[in-house]
Amino acid sequence: MEVSRIIDLFLYAIPTLITGLIAYYFFREHTKNEDGRRRFLLKKDLQVNAMPLRLQAYERMALFLERISPSKLLIRVQPTSSSKEDYESLLIQNIEQEFEHNLSQQIYISDKCWNIITTAKNATIQLIRKAAMLEKTDTANKLREVVLTEMMERRSPSEAALSFVKEEVAELW
């Protein structure tokens, strides 16, 4: 008699265990989905708030790249004397000041984009230094002429970086 009673208890326990396991898995999945939904909503809210800051950073970096473009830089920054060394220093100092003014923008843009912008800045400085080292460059006005001639023959580093910035902003949409 006891064996049949144990079998009866076991038969009553099986549906209870199955129901308990199903409830456990259901509530576990439900909790996991709710956590995922909350994370998604939080991330969505953060993106909505961060998007204007990111776009503003890209705008500022586009402005920076436009300002250090050799053709625009040479028009904006006039030589104070006829010394090519003084003018070279003035141009490089102007580029560095613009860059330092926008350093905080790197928080909002991708590392790859920031590296390309930094490379464009350094390439522009190198272009000015190389032009100043040429023997035919003996005055500030001649330095301007050599740099502008160089830019007519090839694409400026800031133009290439600006194209990348535009592509990255297009990916945000």
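Biologist: How many residues apart are R37 and E34 in helix 1?

Modeller: Three, so R37 and E34 are separated by about one helical turn. Helices here are DSSP runs of H or I with at least four residues, while strands are E runs of at least two, numbered from the N terminus. Bear in mind that this is a predicted model, where local features need pLDDT of at least 70 and side-chain atom pairs count only at pLDDT 80 or more, while totals for chains, interfaces and linings use all residues. Numbering starts from 1 along each chain as its sequence is written, and side-chain values use heavy atoms, with hydrogens and water left out.

Biologist: What do the side chains of R37 and E34 do?

Modeller: R37 and E34 meet in a salt bridge, 3.0 Å from N to O. That term means a side-chain nitrogen of Lys or Arg within 4 Å of a carboxyl oxygen of Asp or Glu. In general, side chains of opposite charge can pair when their charged atoms come close.

Biologist: Are R37 and E34 buried or partly exposed?

Modeller: R37 is partly exposed at 43% relative accessible area, and E34 is partly exposed too, at 22%. Buried is under 20%, exposed is over 50% and partly exposed is in between, with a 1.4 Å probe and protein chains only.

Biologist: How many salt bridges does the structure hold?

Modeller: Nine. One of them joins K72 and E66, with the closest N and O atoms 2.3 Å apart. K72 is partly exposed at 41%, and E66 is as well, at 30%.

Biologist: What about E98, which residue does it meet in a salt bridge?

Modeller: R67, at 2.5 Å from N to O. E98 sits in helix 3 (residues 84-101) and R67 in helix 1, so this pair ties together parts that are 31 residues apart in sequence. E98 is buried, with a relative accessible area of 14%, whereas R67 is partly exposed at 29%. There's a network here as well: salt bridges link R67, R76 and E98.

Biologist: Switching to helix packing. How do helix 1 and helix 4 cross?

Modeller: Their axes come within 11 Å and cross at roughly 15°, helix 4 being residues 111-133. Axes are lines fitted to C-alpha atoms, for helices over the stretch in contact, with angles from 0 to 180 degrees between N-to-C directions. Helix 1 and helix 4 are therefore roughly parallel. For the labels, under 35 degrees is roughly parallel, over 145 roughly antiparallel, 65 to 115 roughly perpendicular, and the rest oblique.

Biologist: Is helix 4 roughly parallel or antiparallel to helix 6?

Modeller: Roughly antiparallel. Helix 4 and helix 6 (residues 157-172) pack at about 165°, with axes 8 Å apart.

Biologist: And where does A131 sit?

Modeller: A131 is in helix 4, and this residue is buried at 6% relative accessible area.

Biologist: Last topic: I18. Which helix is it in, and is it buried or partly exposed?

Modeller: I18 lies in helix 1, residues 2-68, and counts as partly exposed at 46%.
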